[in-house]
Amino acid sequence: MTIAEDITYGYDDLARLMGRMTGDEKHGPAATSTLDVLWVLYDRVLRVTPEGAEDPGRDRFLLSKGHGPMAYYAVLAAKGFVPVEWLDGFGGYDSPLGHHPDRVLIPGVEIGSGSLGHGLPLAVGTALGLRAQHLTDAAVWVLTGDAELDEGSNHEAIAYAGPTGLDRLHAVVVDNSSARPARPGGIAARFEAAGWSTATVDGRDHDALYDAFTAPHPGRPHVVIARVEPKHAA
């Protein structure tokens with residue numbers, strides 16, 4: 001039995017759900033920096049449910065920032081994809097909830113991730129595959145960190161997606177000032193140069209996030225840069 005069958009959880013419950021996950025290698029700042037983005041996506045934007053997790057027409061969410069999955073697991077539990085009781089075994093030998101999410105073990109997880117630089121290229125490939133299958137209603141979302149964009153594979157994906165017009169592709173970059181050195185013009189400028197639609201918002205403001213996530217961007221992929229407190233202050 002999953003939690004969706006007996007208890008409803010909201011945003012205010014997420015800290016308590018995350019608190020059930022203990023042990024080493026929690027990557028707390030990586031998790032807490034993504035919490036609001038994940039909640040708004042799963043609560044208000046993504047067209048995917050536990051019952052429809054295998055529906056070909058579902059939206060896809062890819063966590064590229066997979067080295068800090070605690071917030072992701074809490075949101076999946078709150079939305080009924082996995083039992084809340086799984087959180088207690090986080091990172092344990094027999095637990096499906098590892099320090100990196102595993103798509104084979106966890107319902108609702110689209111990719112195995114953790115090694116930085118893989119999510120955005122995988123999202124590009126997913127968007128291309130859905131286009132080839134004429135599944136034009138399915139959106140693809142990928143969440144990365146700002147420092148992760150230093151990986152060369154991400155630059156190739158950004159440069160390819162814009163001219164290809166992958167308008168069902170959406171990226172969210174959680175900017176906690178980890179990247180060094182800073183990019184001329186900021187993160188958005190890198191995407192804009194490749195033909196992406198961009199928005200930069202407060203990554204803790206749920207209404208601002210929702211407006212940015214749902215902004216129209218015909219013919220172009222879309223990226224939202226969600227600014228949060230610097231990593232050393234998280």
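Start at M21, in the loop between α1 (14-19) and α2 (28-32). This is a predicted model. Color M21 by accessibility: at 1% relative accessibility, M21 counts as buried, because the cut-off for buried is under 20%. M21 and Y73 are 52 residues apart along the chain. Their C-alpha atoms are separated by 9.4 Å.

Next, select helix α5, residues 119-132. How far apart are its end C-alpha atoms? They are 20 Å apart.

G119, L120, A123, V124, A127 and L130 are buried. Turn the view to look down the axis of α5: the buried residues fall within an arc of 140°, so they line one face of the helix. What do these buried residues pack against? Show β1 (60-63), β2 (140-145), α6 (152-164) and β3 (169-175); the buried residues of α5 pack against these elements.

Step just past the end of α5 to H134. Check its backbone: H134 takes a positive phi of about 60°.

Last stop: empty space. Rolling a probe the size of a water molecule over the atoms shows where such space is left. The structure holds 1 cavity of 30 Å³ or more. The largest cavity has a volume of about 40 Å³. To find the largest cavity, select its lining: Y42, L46, V48, D59, R60, F61, F81, G108 and E110. How does that lining divide by residue type? Into 5 nonpolar, 1 polar and 3 charged residues.

Terms used:
Residues are numbered from 1 along each chain as its sequence is written. This is a predicted model: local features need pLDDT of at least 70, side-chain atom pairs count only at pLDDT 80 or more; totals for chains, interfaces and linings use all residues. Side-chain values use heavy atoms; hydrogens and water are left out. Helices (H or I, at least four residues) and strands (E, at least two) are DSSP runs, numbered from the N terminus. The expected span of a helix is 1.5 Å times one less than its number of residues. Buried means under 20% relative accessible area, exposed over 50%, partly exposed in between (1.4 Å probe, protein chains only). The arc is that of the directions from the helix axis to the C-beta atoms. Contact means heavy atoms within 4.5 Å. On a 1 Å grid over the protein atoms alone, a cavity is a set of points where a 1.4 Å probe fits but cannot get out, and a pocket is an open set with protein on both sides within 12 Å along at least five of seven lines; lining residues have an atom within 4 Å of a point. Grid points are joined across faces, edges and corners, and a volume is the space filled by probe spheres set on the points. Ala, Val, Leu, Ile, Met, Phe, Trp, Tyr, Cys and Pro count as nonpolar, Asp, Glu, Lys and Arg as charged, and the others, Gly among them, as polar.
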